[in-house]
Amino acid sequence: MFDGNHWFLHRVLRRRVIASGAWSLLLLPMSMAAYLFFLQVNLFDPFAWLTVAPCLPNTRLAMLASIVQPYRFFHTLGHTLAGLLCGWAAAFLSGGRYKSLEVACCGHTSLSVGHGVQPGCLNELHLFIVLFGGFVGFTYSLLYFLKYMSYTAFPIIQLSKYLQFRAALPCIVKQSTKQAFVLLRWYCILYFFFGYIPRCWLLAGMHVDLDSTIPRLDSLIGLLNPGLLFQTWLAGTFILFTWYLAWALLRIHITEAYQFRVETSFVEDSEMCLPVVLASNPPPIVKFLALQDLAILARASPCRRRQVFILSQPGGRPHTWALLSSHCISLLSELTSKLSAHQDATTGDGRAATSSAHGSQHLPQPECLDMHTGLRNKIEGTGFQSSSVTSSPFSPGPLRTPTRTLSTTLSPLFSPRPLATLDTSIHALSSKMRDSQDLRSSLFGSPWHDKVDNSPIIQRRHSLWSFSCGAPMADNPNMGPSIASPMQRAQDVPQPDRGASKLCLVRAFLIKMPIVVYATQKIAESSSQALFADGQAHIWALEAVSHLVAASFTEDQYGVVQTNLSSILCAMVNLLEAIDKHFKLPQASNKPLRLTDSWPDASFKSLRFAVRSALRTALHRISNTFGHHLKAVDLSPEHLKRLQMFVDYKE
C-alpha cells in the first residue's frame, strides 16, 4: 500500500486534477453548442438542399453573408473532398504518366534527404489533376449558392421523364464543358502563384524528390503542356457533368406530377386528400405539387372537377369547393398585401430612397448630427426666432429676417468640425455680426430708430444687430437678456465625446469608399424578384380557380361557385391593380429578361411577368365565359368597370 500523505499527491496531482475539472467545465458550453449545431444539420435529407422559392438578397453584402453561413461550410467541405476524389479517379483512369502520385525518377536531382536510399519522385502531373478536382468542387459549392442552383423549377409543359431528360442533356453538356474551361483558366493562374505550397508539403511528407527532367508546373513552360491541359479539362468536364446530371435526374423525379385524392370515404386517408393538404401547412415541395395537381384537375379532368362541385353528405355543404377556393383566394390576397406594402414603402420614402442610392454616402450620419443638436436647440429655443418664423435651414424660400440671418450666421457652430475650433467659431460669429451691422447701416441707415422703437420685437431685433460678443451685458443697456443669455448657455453646453466624433468621421469615410458603396448598393430588381419568388404557386392558383369558375358555367349543378364568385373576382382585380402599380415603380423593369436554355435554371427572375400574364389570362377566361352576366355579381363599380374592359377586349 502506498502512502496517502505523499507530497506529490497534495502539491502536484491535486492541482492537476482541479485544472482538468475546470477545463472540462469551461469546454462544456462549447461542446453543447457544437452538439446543438450538428443536431440541426441533416446531411441525408435531400430536401434540405432543395427549394421551390429562392431567397434573394438585396445587396451583395447580404449575398456574401448568406454564403459564409456555418451550415454551408459542410456543403463546401463535402464537395471539395468529393472533387478531390473524383479528380484522383479521373487521373487514375487516364493511365500512363497521370496514373500514380509517385513514379520512378528518370533523372534524379536530390531535393530532399534520401538517407542513402534512392527515393521515388513526385508525379506533379497527377497532383495537378487531383487538385483541379478539389478546385472544381469548391467553386461548384460557391456557385451553388450564388446562382441559386437549389431552386427547383417545375416544367411549364408536362412531359414524360424521358423527354425532360433528353431536353436537359444538351444544356448539361454545354454548361459542363464551358464551365470546366473557365475554371481551368483560373486554376492555372492560381497554381502558377501558389502551386509550390502543396508540392512542398507532399515532398516533406512523403520523403520523395522531384524529377529534374520534367519542368515544374508552376512555370510557364510546365503549364504550356497541351496534353496535361486537355486531360485536366476532360477531368473537370467529367466531374461537372456527373454532378449536373445527378441534379437534373433528381429534379425530374421530384417535379413529376402527383395525383392527390379529391375526396375519400375513409377517415384514415383524409389527410391525403387535396383540400386537406392545401388547408394544412405542408412542406413547400408538397404544397407546390398539390397546387400543380389542382391546376391540372381544373384544366383537363372533368371527372375530378365534378367531385369539386358536389355537396357533402350529410349536410349538403360544398366543403371541397370552399377549402380549395379559400386557399386560392388567400394566396392571391397575400401577394396583393405584399405588393401594397412594398408600394407604400417605396412611394412613402421614394425620394429618400432614390437620393440614398446616389448620394447617401455624402450625408452625415444621424449619430454625428445628434452631438450638435443640443447646442442648436438651446440657442434657437431662447429667443433667436419668433414663433411665426421657421428657422430650419432646409425649408424652401427662407425669409431674409434677422432671425434667418442669425441662424445662417450661427451655422459654423453646428457643423461637424473638431471641437478645438469652437471658440474660434464664436469669435468669427461676432465678427460677422459686426460686419453685417456696419454694412446695413452704411447702405440703408439704421432701420430701428423710429417711432415704433419701443416695440418689444423691434427692441429685441435692435439688440440682435448691435450685439457684440466682447462687450458685457451691463455696459450695453439696449441689449435684452434674451440675447446674451443664449450665448452664455451655448458656451456652457457640455462638450461631446471626442471618441464618438472620431467614430462618426471614420464611419463617414468608410461609407464613401467605392468598395463599401458597391457592397451595400442594392442589386437591380432584387426587391421585385423577391416579391415574386414563389410566383409559380400563384400562377397555378390563378389557373385552377379560373378554370373551375369557367367550367362551373356548365358543370356546376348546385351553384356552389356562385357563393364566393364575387370574392374571387375581387381578389383578382385587386391583384391586377397592385401588379400594375408595381410595374410603374422605377425599381421594376417592364421588359422581361431574355432567358436562354442554360444550366442552372434562372426562370425565377421573370416570374413577375408570368404572374401578370397568368392573371390577365384568367380574367379573360372568366369574362369570355360569363360575358355580360358579370354585371349581376355583387362587386364595386370600380371592379365592374375594370371587368367590363376585359369583356370588351380593351384590356
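Buried residues, meaning those under 20% relative accessible area (1.4 Å probe, protein chains only), make up 39% of the 651 residues in the chain. The model is predicted, so that local features need pLDDT of at least 70 and side-chain atom pairs count only at pLDDT 80 or more, while totals for chains, interfaces and linings use all residues. Residues are numbered from 1 along each chain as its sequence is written, and side-chain values use heavy atoms, with hydrogens and water left out.

**Exercise 1. Describe the aromatic pair formed by Tyr140 and Tyr244.**

Step 1. Rings of Phe, Tyr and Trp (its six-membered ring) pair if their centres lie within 6.5 Å; planes under 30 degrees apart count as stacked, over 60 as edge-to-face and the rest as tilted. The whole structure holds 22 aromatic pairs.

Step 2. Tyr140 and Tyr244 lie 5.7 Å centre to centre, with 50° between the planes, and the pair is tilted.

Step 3. Helices are DSSP runs (H or I, at least four residues), numbered from the N terminus. Tyr140 belongs to helix 4 (residues 124-146) and Tyr244 to helix 8 (residues 226-254), so the pair ties together parts that are 104 residues apart in sequence.

Step 4. Both Tyr140 and Tyr244 are buried.

**Exercise 2. Characterise the contact of helix 25 with helix 26.**

Step 1. Axes are lines fitted to C-alpha atoms, for helices over the stretch in contact, and angles run from 0 to 180 degrees between N-to-C directions. The axes of helix 25 (residues 565-583) and helix 26 (residues 607-626) come within 10 Å and cross at roughly 140°.

Step 2. Contact means heavy atoms within 4.5 Å. Among the residues that meet are Leu569, Met572 and Phe583 in helix 25 and Phe609, Arg612 and Leu615 in helix 26.

Step 3. The residues of this contact divide into 14 nonpolar, no polar and 4 charged. Ala, Val, Leu, Ile, Met, Phe, Trp, Tyr, Cys and Pro count as nonpolar, Asp, Glu, Lys and Arg as charged, and the others, Gly among them, as polar.

Terms used. Helices (H or I, at least four residues) and strands (E, at least two) are DSSP runs, numbered from the N terminus. Buried means under 20% relative accessible area, exposed over 50%, partly exposed in between (1.4 Å probe, protein chains only).
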